[in-house]
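Good morning, colleagues. Please look at the sequence and the model on the screen while I describe one part of the fold.

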Amino acid sequence: MSAGDQGAQGAERTLGQLVASATAEMSALVHDEIALAKAEIRQDVKRAGIGGITLSIGGVFALFSLPVLSFAAAYGIHNLGLGLAWSFLIVGVAFLLLAGVLSLFAVSKFKKVKPPERTIASVKQTAAVVGTVKPHPRPVSDQAVGVARSSS
């Protein structure tokens, strides 16, 4: 089909046909964009799921390695000439100190958490505006049927 044929065919179409065609094409475009977005999101969710599972498995292995490494550290200190009980005590105290430092860090972060002040102010302002709004009076007609409302 040449450009002249398309121009002649376009000239023969009515305004309603052009609007219907444009609407159908716009609808198809929107549907295609939604399908593309779904496909991209599906891939991202799959990658995030695989990443989360992998991270969880790594965390389990790290958790299982902690007692082994603790024993290795205690026996390593023992090989330096300290008694076995003192070696395990040193490793235990080191873990307690690490837990204390991490707890202090967490508490400092929790203290910085604040309520969403702008959202609260906006909700209060909206509630104040809505509270002052009065409903529009509706005209009463002879054909209006009353609706029974429950008091609950």
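Leu82, setting aside neighbours within four places in sequence, is in contact with Ile77, Ser87 and Ile90, where contact means heavy atoms within 4.5 Å. This is a predicted model, in which local features need pLDDT of at least 70, side-chain atom pairs count only at pLDDT 80 or more, and totals for chains, interfaces and linings use all residues. Residues are numbered from 1 along each chain as its sequence is written, and side-chain values use heavy atoms, with hydrogens and water left out.

Leu82 lies in the loop between α2 and α3. Helices here are DSSP runs of H or I with at least four residues, strands are runs of E with at least two, and both are numbered from the N terminus. Leu82 counts as partly exposed because its relative accessibility is 39%; buried means under 20% relative accessible area, exposed over 50%, and partly exposed in between, with a 1.4 Å probe and protein chains only.

Let us turn to one of its partners. Is Ser87 buried or exposed? Ser87, a residue of helix α3, is buried, since its relative accessible area is 0%. Beyond its neighbours within four places in sequence, Ser87 touches Ala74, Ile77, His78 and Leu82.

Next, the helix pair itself. The axes of α2 (residues 15–79) and α3 (residues 84–111) come within 8 Å and cross at roughly 130°. Axes are lines fitted to C-alpha atoms, for helices over the stretch in contact, and angles run from 0 to 180 degrees between N-to-C directions. The two helices, α2 and α3, are therefore oblique to each other; angles under 35 degrees count as roughly parallel, over 145 as roughly antiparallel, 65 to 115 as roughly perpendicular, and the rest as oblique.

On the α2 side, the contact is made by Leu66, Ser70, Phe71, Ala73, Ala74, Tyr75, Ile77 and His78, and on the α3 side by Leu84, Ser87, Phe88, Ile90, Val91 and Phe95. Eleven residues of this contact are nonpolar, three are polar and none is charged. Nonpolar covers Ala, Val, Leu, Ile, Met, Phe, Trp, Tyr, Cys and Pro, charged covers Asp, Glu, Lys and Arg, and the others, Gly among them, are polar.

Finally, the whole chain. The protein chain has four helices and zero strands. Of its 152 residues, 3% count as buried.
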